[in-house]
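Here are some notes for a colleague who has the coordinates open. They are set out as numbered points, each kept to one topic.

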Amino acid sequence: LLLNRHDEVRMRWKSLAWLPASTAGAMAVTVVGCYLMAVHQSHVPAWLPYISDCGALPRESCVFSLGVSLVALLLMASAMVRFLQIRELCRGNRLCTVLNAVSLGFATVTVIGCLFLAAFQQQKHFGVHDFFACCAFVGGCCYASTEAVLSFKLGNAECEDLCLGIMRSILTAVGVLSGLVMASMRTFSTPLAPPYATDEKPYLGSYGAHISSVIAEYLLVLALFAFVATFAIEFHRSRLQVLITIVPFSGEAESSGEQLVAERRPITSANDCSS
């Protein structure tokens, strides 16, 4: 299909606060929904099962896969908007530019981990599921750490910006400590695979270690997605404009060396997204 003129499609959003809020909300709905379904089907005990255990068997496994995949896509969109926002604010600051790129890399690792752990469920692919869960958790903690540093680097001396940076630092510390507790306690509480697992003995090791590991996992997920939800404060003061230009393609134009240059516009406005 050859077009004889330039067609432009403009998409504008006045506020993007809904994006990180939807990410955290979708994760909460997925975790709670899978837990209720798994308990109702008697697939897990009602007292503190692991999150992955609540999505290991049908029917809740279908909801778990769809929910976590949706969360991963929303998280990637939030991280990309945050990356573009910081890029506009830190022009000329080499350190912030490097941290911004590293932060996007950690977000990508987190998203890939979420997608794969949703696809390879724990019941049938225990090792693969745990590996990508580790990628998601470690990537999420590293992403939160770099974003917390950027919050202080880019923030002003105003009380609102200082409180936001402190809150993100606290959430990051809670997430990192919870991840360390979960990893250490899980080594003393290894889940048993059927037919060795029973209602009386679903794991091998200390019951206290099992409970500590499960609580730490819930705290880790809560801290990470509460961290993402804080982006809504800054996204509310940002606007996103995407310009898509459809240009005609012609072999003659290409052979004659003509070039079609599309107007480049900033994705975010520094005045609107400044903290």
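1. Is the crossing of α3 and α4 left-handed or right-handed? The crossing of α3 and α4 is left-handed, a term used if the near helix is turned anticlockwise from the far one by less than a right angle, with right-handed used if clockwise. The axes of helix α3 (residues 94-119) and α4 come within 7 Å and cross at roughly 155°, which makes α3 roughly antiparallel to α4. Axes here are lines fitted to C-alpha atoms, for helices over the stretch in contact, and angles run from 0 to 180 degrees between N-to-C directions; angles under 35 degrees count as roughly parallel, over 145 as roughly antiparallel, 65 to 115 as roughly perpendicular and the rest as oblique.

2. Please keep in mind that this is a predicted model, in which local features need pLDDT of at least 70 and side-chain atom pairs count only at pLDDT 80 or more, whereas totals for chains, interfaces and linings use all residues. Residues are numbered from 1 along each chain as its sequence is written, and side-chain values use heavy atoms, with hydrogens and water left out.

3. The protein chain has nine helices and four strands, and along the sequence these follow the pattern β-α-α-α-α-α-β-β-α-α-β-α-α. Helices (H or I, at least four residues) and strands (E, at least two) are DSSP runs, numbered from the N terminus. Of the 275 residues in the protein chain, 40% are buried, where buried means under 20% relative accessible area, exposed over 50%, and partly exposed in between (1.4 Å probe, protein chains only).

4. The salt bridges, each a side-chain nitrogen of Lys or Arg within 4 Å of a carboxyl oxygen of Asp or Glu, come to a count of four. One of them pairs E147 with R82, with the closest N and O atoms 3.0 Å apart. Because E147 lies in helix α4 (residues 126-154) and R82 in helix α2 (residues 60-89), this pair ties together parts that are 65 residues apart in sequence. Both E147 and R82 are buried.

5. A further salt bridge joins R168 to E234, whose closest N and O atoms are 2.8 Å apart. This pair links distant parts of the chain, with R168 in helix α5 and E234 in helix α7 (residues 231-235), 66 residues apart. R168 and E234 are both buried, and salt bridges that share partners join R82, E147, R168 and E234 into one network.

6. The side chains of E88 and R91 also meet in a salt bridge, at 2.9 Å from N to O. E88 counts as buried because its relative accessibility is 12%, whereas R91, with a relative accessible area of 56%, is exposed.

7. I215 lies in helix α6 and, at a relative accessible area of 40%, is partly exposed.

8. L164 is placed in helix α5 and counts as buried at 6% relative accessibility. L164 and I233 are 69 residues apart in sequence, with their C-alpha atoms 8.9 Å apart in space.
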